[in-house]
Amino acid sequence: MSDKIKVVIADDHQLMRQGLKQILELEENIEVIGLAENGNEAIEKIRELNPDIILMDINMPKCNGIMALREIKSSDISTKVIMLTIHDDREYLLETINIGAEGYVLKDAESSSLVRAINNVYEGANYIHPNIANHIVSEMNQISGRTVEKIDENFLKLTKREKEVLLLIADGFNNREIADELFISEKTVKNHISNIFKKIDVNDRTQAAIYVYKNRIKK
């Protein structure tokens, strides 16, 4: 029985599909088990192959990535979704966040970012590329008509350790990586994350990462 992370790639450009496949097949723990050129095919491949993760392009013919994501999240499908985006897709990012995608990677990002996203999402974390986060914050500021000028008061409720954990979440670290970085147990990390989510009023890691970028919180 294979213990590799099973991945399906959904993109309407054959060169992109094949290129991503070649990159991922260099990784010993990742196996590309299917390719799709539109959202309908993506859903068919998921139901047929039951992959751990699908890399989903936003703009595809017949059924785009947003429609496919909505279908996946409204059904009993357990496959996690990483959205493949370009800068021009940023107007759709808030929508995909609300639907519940687990990861966001720019198509022109380094291959290491894509591999990290796959590993982190597989481990139960969310991954959001920093450049994408900046676009999301910009969109949020345009919608709200304001720019954050001071740190949210909820951030001040966090302990020093919780702040460290929050910043690592924003950097895309999963629980195990956070535990290793801070020399604490994964159980302790989970407890910190639970407290952090309550204090800053977010529901998941993606929202936590966006909170960090929106409030311009830095180490």
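Helices here are DSSP runs of H or I with at least four residues, strands are runs of E with at least two, and both are numbered from the N terminus. By that rule, Thr-96 sits in helix H4 (residues 90–99). The model is a predicted one, so to speak: local features need pLDDT of at least 70, side-chain atom pairs count only at pLDDT 80 or more, and totals for chains, interfaces and linings use all residues. Residues are numbered from 1 along each chain as its sequence is written, and side-chain values use heavy atoms, with hydrogens and water left out.

Back to Thr-96: its relative accessible area is 0%, so it is buried (buried means under 20%, exposed over 50%, partly exposed in between, with a 1.4 Å probe and protein chains only). Leaving out residues up to four places away in sequence, Thr-96 touches Ile-66, Leu-69, Met-83, Ala-101 and Tyr-104, where contact means heavy atoms within 4.5 Å.

Two of those neighbours turn up again in the strands. Met-83 has Tyr-104 as its bridge partner in S5. Strand S4 (residues 80–85) and S5 pair in the parallel sense over 4 bridges; two strands pair if DSSP finds at least two bridges between them. In a regular strand the side chains alternate between the two faces of the sheet. In S5 (residues 103–106), Gly-103 and Val-105 point one way, Tyr-104 and Leu-106 point the other, and all are buried.

S5 also pairs with strand S6 (residues 127–128), again parallel, over 2 bridges, and Gly-103 has Tyr-127 as its bridge partner there. The chain gets from S5 to S6 through helix H5 (residues 111–122), and this β-α-β crossover is left-handed.

Now for H1 (residues 14–24), whose axis comes within 11 Å of that of H5 and crosses it at roughly 75°. That makes H1 roughly perpendicular to H5 (65 to 115 degrees; under 35 is roughly parallel, over 145 roughly antiparallel and the rest oblique). Axes are lines fitted to C-alpha atoms, for helices over the stretch in contact, with angles from 0 to 180 degrees between N-to-C directions. Leu-20, Ile-23 and Leu-24 in H1 meet Ser-111, Leu-114, Val-115 and Ile-118 in H5.

H1 also belongs to a right-handed β-α-β unit with S1 and S2. In S1 (residues 5–10), 5 of the 6 residues are buried.

How values were computed. A crossover is right-handed if, with the strands pointing away from the viewer, the path from the first strand over the helix to the second runs clockwise.
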